[in-house]
Amino acid sequence: MKVVFHIDELEKWTETANNVKNLLKEPQKIDIIVLINGSAINGYLATENQTFIATQGVTFHACNNAMRANQITKDQLPENVVVVPAGVLDLIDLKAQGYAYIKP
């Protein structure tokens with residue numbers, strides 16, 4: 001099973017973190033990606049999100065377009081974050097690969 005959580009609003013980080021943590025409790029193996037774009041990209045810099053970003057078994061993507069729009073560089077992001085050229089294109093690609101789409 002594969003799922004991508006999409007956050008494009010800063011206030012959705014906590015809800016997404018709770019959803020992902022609950023999903024990780026399931027016994028079956030689930031490939032989880034959290035894609036961040038829009039103004040939510042600033043959540044990568046917030047201290048309160050660092051524990052979630054470090055969650056084992058979760059891959060984090062950051063939209064390069066949103067990073068540029070918010071003056072955020074790759075060096076400012078946590079080490080495990082994968083920068084993708086465009087968040088929307090990443091979502092299209094992940095959906096084509098069979099990922100379920102969740103937008104909290």
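Me: Of the contacts in the chain with a separation of 6 or more, what percentage do residues 24 or more positions apart account for?
Reply: They account for 66% of them. A contact here means heavy atoms within 4.5 Å.

Me: What kind of model is this, and how are the residues numbered?
Reply: It is a predicted model, in which local features need pLDDT of at least 70 and side-chain atom pairs count only at pLDDT 80 or more, while totals for chains, interfaces and linings use all residues. Residues are numbered from 1 along each chain as its sequence is written, and side-chain values use heavy atoms, with hydrogens and water left out.

Me: How many helices and strands does the chain have?
Reply: The chain has 4 helices and 5 strands. Both are DSSP runs numbered from the N terminus: helices are H or I with at least four residues, strands are E with at least two.

Me: In what order do the elements run from the N terminus on?
Reply: The order is β-α-β-α-β-α-β-α-β. The radius of gyration is 13 Å, close to the 13 Å that the globule rule gives for 104 residues, so the chain is as compact as a globular protein of that length. That radius is taken over C-alpha atoms, and the rule is 2.2 Å times the number of residues to the power 0.38.

Me: What does the C-alpha trace span along its principal axes?
Reply: About 40 × 30 × 20 Å.

Me: And what percentage of the 104 residues is buried?
Reply: Buried residues make up 41%. Buried means under 20% relative accessible area, exposed means over 50%, and partly exposed is in between, using a 1.4 Å probe and protein chains only.

Me: Changing topic: how many aromatic pairs does the structure hold?
Reply: There are 3. One of them is Trp13 with Tyr44, an edge-to-face pair at 5.3 Å centre to centre and 80° between the planes. Rings of Phe, Tyr and Trp (its six-membered ring) pair if their centres lie within 6.5 Å; planes under 30 degrees apart count as stacked, over 60 as edge-to-face and the rest as tilted.

Me: Where in the chain are Trp13 and Tyr44?
Reply: Trp13 is in helix α1 (residues 13-24) and Tyr44 is in the loop between β2 and α2, 31 residues apart, and the pair links these distant parts of the chain. Trp13 is buried at 2% relative accessible area, and Tyr44 is buried at 1%.
Reply: Phe52 and Phe60 also pair: their ring centres are 5.1 Å apart and their planes at 85°, so this pair is edge-to-face. Phe52 is buried at 4%, and Phe60 is buried at 0%.

Me: Which residues do ring pairs link into a cluster?
Reply: Trp13, Tyr44, Phe52 and Phe60.

Me: How far apart in space are Val34 and Ala62?
Reply: They are 8.6 Å apart, C-alpha to C-alpha, and 28 residues apart in sequence.

Me: Back to helix α1. Is Leu23 buried or partly exposed?
Reply: Leu23 counts as partly exposed, at 23% relative accessibility. Leu23 lies in helix α1 and touches Val3, Phe5, Ile30 and Ile32, not counting residues up to four places away in sequence. Glu15 is found in helix α1 too, and is partly exposed at 36%.

Me: Where is Asn37?
Reply: Asn37 is in the loop between β2 (31-36) and α2 (50-53). Asn37 is buried, at 11% relative accessibility. Leaving aside neighbours within four places in sequence, its contacts include His6, Asp8, Cys63 and Gly87.

Me: What is the phi of Gln71?
Reply: Gln71 has a positive phi of about 55° although it is not a glycine. Most residues other than glycine have a negative phi. Gln71 lies in the loop between α3 (64-69) and β4 (81-84) and is exposed, at 63% relative accessibility.
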